[in-house]
Amino acid sequence: MGESRVRWREWGEEAFREAQGQDKPILLSISATWCHWCHVMDRGLPGDPVHTGTYSDPEIAELIHTYFVPIRVDTDRRPDINARYNMGGWPTTVFLTPDGEILTGGTYIPPHQMRQVLLQVLQYYRAGREEIRRRAEEIARRRQALSRPVARPGARLSWTIPLHLVGLIARDYDPVYGGFGEAPKFPHPDACWLLLLEYRRGGRRDERLAEMVGRTLHGMADGGMFDPVEGGWFRYSTTRDWSVPHFEKMLEDHARLIPLYLHAADLLEDEGLRTAAVRALAYVRRTLYDPERGVFWGSQDADEDYYARSGPERAQRPPPAVDRTVYTNWNSLMAIALLIAGDRLKEPDLTAMALRTLEAVWHLTFEEARGALDHYVDVHGERAAQKGVPPLLGDQVHYARAALMAFQRTGDRRFLERALRLRDYLESALADPEGGFFDRPEDPQALGALRIRQKPLDENAAAAELYLMLYDLTGDRRAREIAERTLLAFEAEYGKYDFAAAPYGLAVQRALTEPIRIHVIGPMEDPRTQALLAAAWQGDPFTRVVIPLDPEGDRQAIAAQGFSPDGTPAAYVCVGTRCLPPAHTPEEVRQRLQEVEA
């Protein structure tokens, strides 16, 4: 067992020029700091004669250096590259032409296979030029066709879409152990969200939906997917019954699962789910949070031996390494999770932590010149832009969503203004005039498959939710139109994604639901105003929009709504054009909400 002997190059013009100049195929390795089998491919497994380390083998390293140009990228730092070249998991091992078109590839390749694979690829590259050229042209045509879904004539949004997706989810549901499909089993939080919200929309009468959510969440919380000593979820289970996990822990997973568990605990009246969320939150704060910087790190590595030990035994060895990188999209999702947790658990310190995270991420990653957020910054201060990574869709959308959620809970207009700044970048650099958003800005000089931009379904669904929120908060009809065009662009093809299209179903559900608007009028520094804002998020928050209005700065908007504040902070609860009498205390807010939600 040893370290990788391969001298990996960075993805960039220099490596591609070398491949073109020397007429060598590229070996692209997509790895991750948390990826167990990536480490095995580099270093091997101690005492295992089969998994001895592919890239630590000197003969293999020599073959690679002689006949290929080896490039390695980190999937978390380069999601745009991963989206175009991943071959079904990590590690991804993919062979490219010097122009970046795919020759062939796979995932983990042990040493005894890798020697043969290298020689076969080399022979194919040298002897099959004409076939390679034809295949590359065909792949490029298919990629171009798939990259830009647009709305079909006459397309419209309807409840058929989320209900169809609920049916797809139910079809793959495992009634014995919960979850979806066989093995391996992943959490799929958006699928659970869609089931949960459909259960709520139906008046909590369809117990089948409640059972699917409850069994799935308990399967993940009560079995091997959940760390019984330190708390938190591992990334996925290798078995159908959730008993044998892959041991890495991801910030993104916790950011998505914690609010799901908290809301499910309330809707299903299940304290066990709340306990799991609280324990997971404690893990995140203890292990992935940097209190000095006010940000969250990306992940914790997998270490089977460490997690096989008891609590006292674990304390005798160092814990698995943490990837000390600040990812804008994941920190934004974690800020959303903290805001929701602050509401559900009535813990203001969680809200304060969310606000501090949003402040820190903005100051660490916002680029004034481009008016957008960098994808990441590491512990040494290296930013994505320094490595040629442009501002990406997911970072702008998730931060803007988090900022609008923070604005609704604090009335701090800085968060609204930041969301509007990011909107400018979204529309100037990433928007498709036909509807939807591309994952990265246009760049005719981009390398390989990056030349063709993609419109990822999940991030476009999040973008649609952002624009619906902007419309609800500001009344901007154009924001509503952008949201609808974005959703309509995928109306004809969301079914191709199967239940992985659950984020799209959630966004369509949001677009079709008339929200309850709570206008909170008062000086934002007044504790009475803050108490009304907090009360507006208690109870059942799923269809609510809270609109903070300052009597001085928002005088015109207040008058346009027909409100006549008497100087005392007040909340007006409205559905459509109907508004109830003003509420001046948190208890009155709760009463008004009960009246409209009855």
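## Threonine 543

Threonine 543 is buried at a relative accessible area of 15%, where buried means under 20%, exposed over 50% and partly exposed in between, using a 1.4 Å probe and protein chains only. This comes from a predicted model, in which local features need pLDDT of at least 70, side-chain atom pairs count only at pLDDT 80 or more, and totals for chains, interfaces and linings use all residues. Residues are numbered from 1 along each chain as its sequence is written, and side-chain values use heavy atoms, with hydrogens and water left out.

You will find threonine 543 in the loop between H21 and E17; helices (H or I, at least four residues) and strands (E, at least two) are DSSP runs, numbered from the N terminus. Not counting residues up to four places away in sequence, threonine 543 touches Arg200, Thr513, Pro515 and Ile516, contact being heavy atoms within 4.5 Å.

## The sheet beside it

Four strands make up an open sheet with mixed pairing, in the order E17-E16-E18-E19; two strands pair if DSSP finds at least two bridges between them. Strand E17 (544-549) and strand E19 (578-579) are the edge strands, each pairing on one side only. Helix H21 (residues 527-536) packs on this sheet and touches strand E16 (516-521), E17 and E18. The direction of H21 makes about 170 degrees with that of E17, with axes fitted as lines to C-alpha atoms (for helices over the stretch in contact) and angles running from 0 to 180 degrees between N-to-C directions.

Strand E18 (residues 570-575) and E19 run antiparallel and are joined by two bridges. Cysteine 574 has cysteine 579, in E19, as its bridge partner.

## Alanine 384

Another loop, between strand E15 (376-378) and helix H16 (393-410), holds alanine 384. Alanine 384 counts as buried because its relative accessibility is 0%. Its contacts, leaving aside neighbours within four places in sequence, are Asp374, His375, Tyr376 and Val389. Arginine 77 is 307 residues away along the chain, yet its C-alpha atom and that of alanine 384 are separated by 7.6 Å.

## Nonpolar cores

A nonpolar core here is a set of buried Ala, Val, Leu, Ile, Met, Phe, Trp, Tyr and Cys residues joined through side-chain atoms within 4.5 Å. The largest has 141 residues, and Leu217, Trp233, Tyr261, Met334, Tyr467 and Tyr504 touch the most other members. Helix H18 (residues 457-474) supplies the largest share of this core, 12 residues.

Beyond four places in sequence, leucine 217 touches Cys192, Leu260, Tyr261, Ala264 and Leu273. A second, separate core has 20 residues, including Leu63, Phe95, Leu118 and Tyr125.
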